[in-house]
Amino acid sequence: MIKVLDFGLARHADAATFDGATRSFGTMEQMSSVSGTLAYMAPEVLRGEAADYRSDLWALGVVLYEAVSGRLPFDGRTGFEISSAILREVPKPLGSSVPPGLWAVIQKCLAKEPIQRYQRAGEAQAALEAVQSAAIVSTDRATDQSGPRQTVLLGARHIHVKSGDFLLLVGTTKGAFLLRSNAQRARWDVGGPYFHGHAVYAMAYDGRAGQHRIWASTQSYWGTLLRSTDDFGRSWTNPQEATIRFPADTGLSLKNIWQIATGPADEPDLLYCGVEPAALFESRDGGDTWTLVRGLFEHPHRPRWMPGNGGLTLHTIVLDPTEPRRMYVGISAGGVYRTEDGGRTWTAQNRGIRAMFMPGKYPEFGQCIHKIAMHPARPERLFLQNHWGLYRSDDRAENWKDIGTGVPSDFGFPVVMHPTNPDCVYVVPVESDQFRCACDGRLRVYRTRNGGASWEALTRGLPQDGAYETVLRDAMTADALKPAGIYFGTRNGQLFGSRDEGKTWRRILDGLPAIVCIRTVVVDADRPRAASSPRARSHASRKSRRTRK
Amino acid sequence: MSAPVTFHIPGALRQFTRGQGTVAIGHSPTTLADALSALWTLYPGLRDRIATEQGEIREHINIFIGEEHVRYTGGLMSPVAAGSEISIVPAISGG
């Protein structure tokens, strides 16, 4: 039993009363008007900012670190050195004798920004209980669960996220990166690489129910996993068992996860994943467990879907914000399918979409869809980038109309909506299916502001000579700021952004691995939290439930 | 008592074996499937890294009994003699 009686406001005690393992230092009272024991004080307290209960969670982290190691996480000979360490340094790893889960809890408590720590004392408690129960289970060698539930990725550089920050989530064929900026979107800190060597085809941000969760799929020799982080990349889930798995009767094995979609705000435990081989999975418990959506899997068309160049994949999920039971999926090469009953039954919705590679050019299904976009303000209307062909539907995908006049090529991969203008869409044409690079070596984004009646090239700041770039289907996105930002990454690892709706562009990063996914996040700490929601339970606790037998 | 069967665990998977590079199987498996089953009873996190959800060895994972690739000795039905050393090795494919 450990009773902690004093977190922040400790009086100076005679050093002789402490042994070498537990030390205290002179108080700040000697140096300034700030009160407290320096070594336990949170960065925001030292900066003179408002302290709250999360400053106490920092102090808890210091005490835990000290309890398991006998030394302080932030040390120094003078008050200045200690303050400097608290503000800037990362605590030294605790070594293999400390359970990784406990180390993850301590690191989370010792995050420099309050928003990166546990947001409630109960979360820290649940995480510690999960570590304790894992330790109990792992003493039984016959049912050893000793594998890590969470992985702290050493060697990755981390970003320090504050409320109001703006993030880019970037998935590449060799790992993920997190980029941090603010509403100005002028300077960027780069975190990562996370999961270096693993292909990260899908990322998503889930800010529902007051959480800050980032999802990522990772694919490697060792299989494909869905993982998440609640602390902006410092620790990631590392499930013992893959949570997305084809049932035995299907005879199929998961190859990759191409899309992660969050359900409506009022159903914060609902998530979808689109996978390869083409199928849809659904979670109704916040991503702990997943089930195959049988209604689509057992569709009579499925045996006749054919793989595209990237495999037979379900890569696009579009939810109708006004009708929660309506959803669209895009399959290569299967086409567009729609459900009106939450996934029980599905219909092919490809009338008017060409399939250049088929003997009949307008089949019922089998089209190679590349991406579908919808504006939440006009959910009956959809835009579609096809394998050859740009289309719009004004009637929930019942009929599609060609809008590919005015672009140098109607072959391309992404199609991205402007966040507020439902008539405004962005695409990046490539020359052909044989030569999937920017037309004429000129990297041009095309924009329509009239629903596809006409298109304009956006080139200012983009390379216009020898730029044989390809922008893949999920490697382009928009943010929700004003003016809207548009971002895209290329197969050659260049990341471009515009913070004026596409008028001018800037290269944000160069030299990344092939970029396959980009998402944006505005970090908002002020939203109300659903304390009664099961989502409010600690991430660590939920993981341990998942992995314990 | 016969000599135990020993698995050699690659570095990337030792996070699931408490850091151990070798794991000895207590009972006497007769096939590779038996031996693997015993391995992931001990360390469940290994299973989904080595095998697909359909129980097949992952495409880019090679398993050797002694110095022989199990692809040529019967796959999961390969016989495992007492004292065998089984190596799990990721392939050299990739870009």
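Reader: How many cavities of 30 Å³ or more does the count come to?

Author: Please keep in mind that this is a predicted model. The count comes to two cavities of 30 Å³ or more.

Reader: What volume does the second largest cavity have, and which residues line the second largest cavity?

Author: The volume of the second largest cavity is about 50 Å³. From chain A, its lining takes A:Thr224, A:Ala242, A:Ile244, A:Arg245 and A:Leu254; from chain B, it takes B:Asp48, B:Ala51, B:Thr52, B:Glu53 and B:Arg58. Sorted by class, four residues of the lining of the second largest cavity are nonpolar, two are polar and four are charged.

Reader: Let us turn to the nonpolar cores. Which residues of the largest nonpolar core touch the most other members?

Author: The largest nonpolar core has 32 residues, and those touching the most other members are A:Leu168, A:Leu179, A:Val445, A:Met476, A:Phe488 and A:Leu495. Several strands of chain A each supply at least two residues of this core, among them β2 (166-172), β3 (175-181), β27 (495-498) and β29 (515-522). Apart from this core lies another, of 29 residues, including A:Ala39, A:Tyr40, A:Leu94 and A:Ile106.

Reader: What does A:Leu179 touch, not counting residues up to four places away in sequence?

Author: The contacts of A:Leu179 include A:Phe166, A:Leu168, A:Trp188, A:Asp189, A:Leu495 and A:Ile508.

Reader: How is a pair of aromatic rings described?

Author: One gives the distance of the centres and the angle of the planes. Over all chains, this structure holds 17 aromatic pairs. In one of them, A:Tyr194 and A:Trp236, the ring centres are 5.6 Å apart and the planes stand at 55 degrees, so the pair is tilted. This pair links distant parts of the chain, with A:Tyr194 in strand β4 (residues 189-194) and A:Trp236 in strand β8 (residues 235-237) of chain A, 42 residues apart.

Reader: Are A:Tyr194 and A:Trp236 buried or exposed?

Author: Both A:Tyr194 and A:Trp236 are buried.

Reader: Why is the pair of A:Phe411 and A:Phe413 edge-to-face?

Author: The planes of A:Phe411 and A:Phe413 are at 85 degrees, with the ring centres 5.8 Å apart, so this pair is edge-to-face; the cut-off for that class is over 60 degrees. A:Phe411 has a relative accessible area of 0% and is buried, and A:Phe413 counts as buried at 5% relative accessibility.

How values were computed: Residues numbered from 1 in each chain as written. Chains lettered and ligands numbered in written order. Predicted model: local features only at pLDDT ≥ 70, side-chain atom pairs only at ≥ 80, totals over all residues. Heavy atoms only, no water. Core = buried A, V, L, I, M, F, W, Y, C linked by side-chain atoms within 4.5 Å. Buried < 20%, exposed > 50% of the residue type's maximum accessible area, 1.4 Å probe, protein only. Helix = DSSP H or I, 4+ residues; strand = E, 2+ residues; numbered from the N terminus. Contact = heavy atoms within 4.5 Å. 1 Å grid on protein atoms, 1.4 Å probe; cavity = no way out; pocket = protein on both sides within 12 Å on 5 of 7 lines; lining within 4 Å. Points joined across faces, edges and corners; volume = space filled by probe spheres on them. Nonpolar A, V, L, I, M, F, W, Y, C, P; charged D, E, K, R; others polar. Phe/Tyr/Trp six-rings, centres within 6.5 Å; stacked < 30°, edge-to-face > 60°.
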